[in-house]
Amino acid sequence: MPLDLENKAFLEQLAAQGGPHPAELPPSEVRQFIRVMTANIPREPVAKVEDRKIPGPAGEIPVRIYVPEGQGPFGALVYFHGGGWVIGDLETHDPACRVLANAAGCIVVSVDYRLAPEHKFPAAVEDCFAATKWVAENAASLGGDPDRIAVGGDSAGGNLAAVVSLLARDQGGPRLRHQLLVYPVTEYDASTPSAIEFGEGYFLDRRFMLWFWGHYLRNEADRSDPRAAPLHASDLRGLPSALVITAEYDPLRDEGEAYAARLNEAGVPVTCIRFQGQLHGFFTFGFRSTRVAVHAAAGALRAAFAGE
């Protein structure tokens, strides 16, 4: 399909701003740029929003807890924001988390995990797994059901959700109902057809992706560590059901779909939806297509929490 009109206008707006490529900037400047870019996205009201700090492996982890209208106990989604493990925070992903809480009728716990390069791999993994265990252990006090926990995230957050699902399986819990993987990073590979075709001029480009990887990983050996690149996991059996969302004009499209294929081969119930005409990032950018994708994710969560 042709590039969606809102996506096209977004690219034109970026081009009109000019300035250096993000990969030429320090992380602090790119973080601020993304905060400004997402500041005006509409934010739905939810019944309750609470900021808290929970115990983590290297100090407290800030989280934001969204509770929908209705009578609990609710299912709970532990959400990890995107941003290449380098940028993004509770604010940049606040609009999407609100829509997810309302549409899925579940608690959403958004996790402000440690960012690279200040905290390199596996710091983000450790924080996200710790937060998931905390939510499972404290679900009842939040109005949630400890037997109905899911993980999810977009881009690097999708990577972290896939990795946490693997860790939960291998380390005896918590038992997860579902994994929501939105255009997830699944391997260090800039040679897939989508990475080549959309490697320049489509917001997340090859140069930007390598900048993220360069800040996140400690060394070359980390590239094949399944905790950084879950497509390298030897065995995907026994994982929770998954919804994998990809975008047609995304360099990460093929690696996300490859992970969905691996899940399917391993007998994991998986649905993979490619959103035609969309860029990487569309899930959180407040486009019309954003709502369609978020509601698809919410439907999958509702089904998983209902045991369907």
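**Group meeting: pockets, cavities and a sheet**

Hi everyone, let me start with the second largest pocket, whose volume is about 280 Å³. This is a predicted model, where local features need pLDDT of at least 70 and side-chain atom pairs count only at pLDDT 80 or more, while totals for chains, interfaces and linings use all residues. Residues are numbered from 1 along each chain as its sequence is written, and side-chain values use heavy atoms, with hydrogens and water left out.

A word on terms. On a 1 Å grid over the protein atoms alone, a pocket is an open set of points with protein on both sides within 12 Å along at least five of seven lines, whereas a cavity is a set where a 1.4 Å probe fits but cannot get out; lining residues have an atom within 4 Å of a point. Points are joined across faces, edges and corners, and a volume is the space filled by probe spheres set on them.

Back to that pocket: 13 residues line it, and F10, Q13, V36, M37 and T38 lie nearest its centre. Helix α1 gives the most to this lining, four residues; helices here are DSSP runs of H or I with at least four residues, strands are E runs of at least two, and both are numbered from the N terminus. By class, the second largest pocket is lined by eight nonpolar, five polar and no charged residues. Nonpolar covers Ala, Val, Leu, Ile, Met, Phe, Trp, Tyr, Cys and Pro, charged covers Asp, Glu, Lys and Arg, and the others, Gly among them, are polar.

The largest pocket holds about 520 Å³. Its lining has 19 residues, with L14, G18, P20, H21 and P22 closest to the centre, and the elements giving two or more of them are α1 (5-17) and α2. That lining splits into 12 nonpolar, five polar and two charged residues.

The largest cavity has about 260 Å³ of space and a lining of 21 residues, with G82, G83, I87, F203 and H280 nearest its centre. Its lining takes two or more residues from α2 (27-38) and from α7 (206-216). In the second largest cavity, at about 130 Å³, α7 supplies the largest share of the lining, four residues. Nine nonpolar, no polar and five charged residues make up the lining of this second cavity.

On to the sheet. It is open, with eight strands in the order β1-β2-β4-β3-β5-β6-β7-β8 and mixed pairing; strands pair if DSSP finds at least two bridges between them. At the edges, β1 (48-54) and β8 (270-279) each pair on one side only. From one strand to the next, the twist averages 20°. Strands β6 (178-182) and β7 (241-249) run parallel over five bridges.

Last, the aromatics: there are 17 pairs. Rings of Phe, Tyr and Trp (its six-membered ring) pair if their centres lie within 6.5 Å, with planes under 30 degrees apart stacked, over 60 edge-to-face and the rest tilted. Why is the pair of Y202 and Y249 tilted? Their ring centres are 5.6 Å apart and their planes stand at 35°, so the pair is tilted. Y202 sits in the loop between α6 (193-197) and α7, and Y249 in strand β7, so the pair ties together parts 47 residues apart in sequence. Thanks, and over to you!

Note on methods:
Axes fitted to C-alpha atoms, helices over the stretch in contact; angles between N-to-C directions.
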